[in-house]
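Biologist: Before we discuss particulars, could you take me through how the features of a model like this one are read?

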Amino acid sequence: MFNNTEFNNAYNLIKNNELNEANNILIKFRSSFFLHPDYLFLMSLFLVKSKRIYLAIDTALLSLKVDNTDSVLKKHGYENSSEELIEERYLFLISMFEKIKNSELVDILEKTMKNKNPTSFLLYLEKIMPGICLKNKL
Amino acid sequence: MKLLWNTNKNLPDIVTNIAEERIIFWGNYHFKNSSPWILNLLSGIQIEQVDSLENLSNNEDIIIVDNLIGLKESFYFELSNKVRKIYLVHLGDEGGSEKKDLVYSLCEHVWRTFYLPNFRSTKNISCIPIGYKSFVPKTKVDTNEKKYIWNFMGTTHGSSRFDLLNKHADLNPHFTNLTGDFAGKNSLDTSEYYNVMNNSIFTLVPHGYFHPETYRLYESLECGSIPIVENPHNFFEDFLPNNPLPKITSWVESSDFIKNHINRKEELNKLSNKINSWWIVHKELLKKEFLRINDV
């Protein structure tokens with residue numbers, strides 16, 4: 001799912017609840033990959049395991065946003081997320097919105113996932129959660 | 001002991017970049033808004049406030065209240081040659097990322113806001129609550145007389161605050177004032193702000209921008225409005241041990257809590273009194289800790 005082997009390792013460690021080891025990898029890559037959509041997705045998985053549900057949602061939303069903002073990817077030399085990760089990110093976000101019982105956002109995200117086009121969701125996001133932004137990252 | 005409030009001293013006259021803009025904004029902000037809280041914590045110590053470092057002798061100790069200290073290393077280096085001991089109250093540093101090692105090493109003791117677990121094991125650092133801003137009202141509205149069930153006043157940056165508004169929208173009457181920026185142009189003035197809080201049974205307290213603490217927690221405690229606190233990673237059990245605050249990880253828990261309690265007036269009064277008593281005791285313990293460390 002990840003192009004970076006270490007990211008695959010971190011993913012497996014998080015899934016196996018080996019959070020200290022996973023955190024060590026995340027810390028190691030933070031300075032160079034802090035805005036990488038795959039890194040942000042891993043961070044969101046880590047945050048939800050450490051009971052920081054809203055920070056996990058914000059981070060997964062930022063991952064989606066960066067993955068769909070070419071200027072940021074280009075500036076940092078990052079690649080887009082793989083198809084497999086994109087789907088898992090949608091499923092993760094849907095499960096998070098189910099967890100906080102927000103059926104409106106679950107519906108919107110399910111449609112977005114089906115259409116494979118997050119443009120209108122991201123525009124809506126700017127209105128309802130203006131802090132999930134990239135204003136200083138461009 | 002002498003005390004110098006340094007946040008608003010030697011600020012640039014003209015702003016030429018974002019860093020200078022931050023120094024001026026936060027320097028003046030803390031001078032105007034944080035002084036009642038900090039001076040309350042220091043109220044057990046006999047203090048003489050000074051405006052400059054003139055007339056200090058090298059057998060004196062001094063308390064400095066400051067922010068953005070990473071940009072003021074030379075000030076602290078010079079000061080360490082002028083006085084015997086420096087006690088620092090370090091405000092701000094919400095993300096914990098400010099450069100501070102050199103300045104901390106020059107101080108006998110540091111009290112800093114925005115607790116992080118890694119400071120727990122450092123002998124000469126204590127963490128204090130960020131406290132309330134400006135002066136809070138002296139009279140409290142009785143729980144049964146309050147106008148609003150809940151309030152939220154502040155920015156709506158991420159999913160937590162969005163969900164907070166979503167989950168409590170049908171609990172009326174309530175008061176919200178949503179702003180674009182911290183202390184931005186749509187913010188209420190201090191007296192209106194405290195009037196709303198004083199008149200709310202509950203104040204909803206989401207996570208801050210980087211850190212779980214926000215001023216509204218301590219402001220609601222001062223007003224006698226019951227704070228319902230977002231508690232990621234059990235932060236508030238760690239930082240404020242044995243506190244009786246209602247804590248949640250998801251805002252649906254908060255709306256359920258309010259629905260379950262709103263008509264049980266006796267229980268609400270009991271909870272409110274329990275929280276008030278705890279907060280009064282906690283502040284006294286903090287004051288004693290300042291006295292103990294200063295060895296006064």
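Modeller: Let us begin with domains, whose bounds come from an automatic or database domain assignment. Chain B is divided into domain 1 (2–128) and domain 2 (143–280), and the centres of domain 1 and domain 2 of chain B, taken over C-alpha atoms, are separated by 30 Å. This is a predicted model, in which local features need pLDDT of at least 70 and side-chain atom pairs count only at pLDDT 80 or more, while totals for chains, interfaces and linings use all residues. Residues are numbered from 1 along each chain as its sequence is written, and chains are lettered from A and ligands numbered from 1 in the order in which they are written.

Biologist: How many residues does the contact take from domain 1 of chain B, and how many from domain 2 of chain B?

Modeller: Two residues are in contact if their C-beta atoms, placed from the backbone, lie within 7 Å. The contact takes 6 residues from domain 1 of chain B and 8 residues from domain 2 of chain B.

Biologist: Which residues have the most contacts inside the largest nonpolar core?

Modeller: As a general idea, nonpolar side chains in soluble globular proteins tend to be buried together. A residue is buried if 20 or more other C-beta atoms lie within 10 Å of its own, exposed if 12 or fewer, and partly exposed in between, with C-beta atoms placed from the backbone; a nonpolar core is a set of buried Ala, Val, Leu, Ile, Met, Phe, Trp, Tyr and Cys residues joined through C-beta atoms within 7 Å. Here the largest such core has 56 residues, and V65(B), V89(B), F202(B), L204(B) and I228(B) have the most contacts inside it. Domain 1 (2–128) and domain 2 (143–280) of chain B both give residues to this core, so it lies between them. A second, separate core of 42 residues includes I25(A), M43(A), L62(A) and M96(A).

Biologist: How many helices and how many strands are there in chain A?

Modeller: Helices (H or I, at least four residues) and strands (E, at least two) are DSSP runs, numbered from the N terminus. Chain A has 8 helices and 0 strands, and buried residues make up 41% of its 138 residues.

Biologist: Which residues of helix α1 of chain A are buried, and where do they lie around the helix axis?

Modeller: In α1 (residues 5–15) of chain A, the buried residues are F7(A), A10(A), Y11(A), L13(A) and I14(A). Seen down the axis of α1(A), these buried residues fall within an arc of 165° (the arc being that of the directions from the helix axis to the C-beta atoms), so they line one face of the helix. On the other side of α1(A), T5(A), N12(A) and K15(A) are exposed, whereas what covers the buried residues of α1(A) includes α2 (19–33) and α3 (37–49) of chain A. N17(A), which follows α1(A), has a positive phi, near 60°.

Biologist: Is G77(A) buried or exposed?

Modeller: G77(A) is exposed, because 8 other C-beta atoms lie within 10 Å, and its place is in the loop between α5 (70–76) and α6 (83–99) of chain A.

Biologist: How many residues of chain A are in contact with chain B?

Modeller: There are 17 residues of chain A in contact with 14 residues of chain B. Helix α4 (residues 53–67) of chain A gives the most to the side of chain A that touches chain B, with 5 residues.
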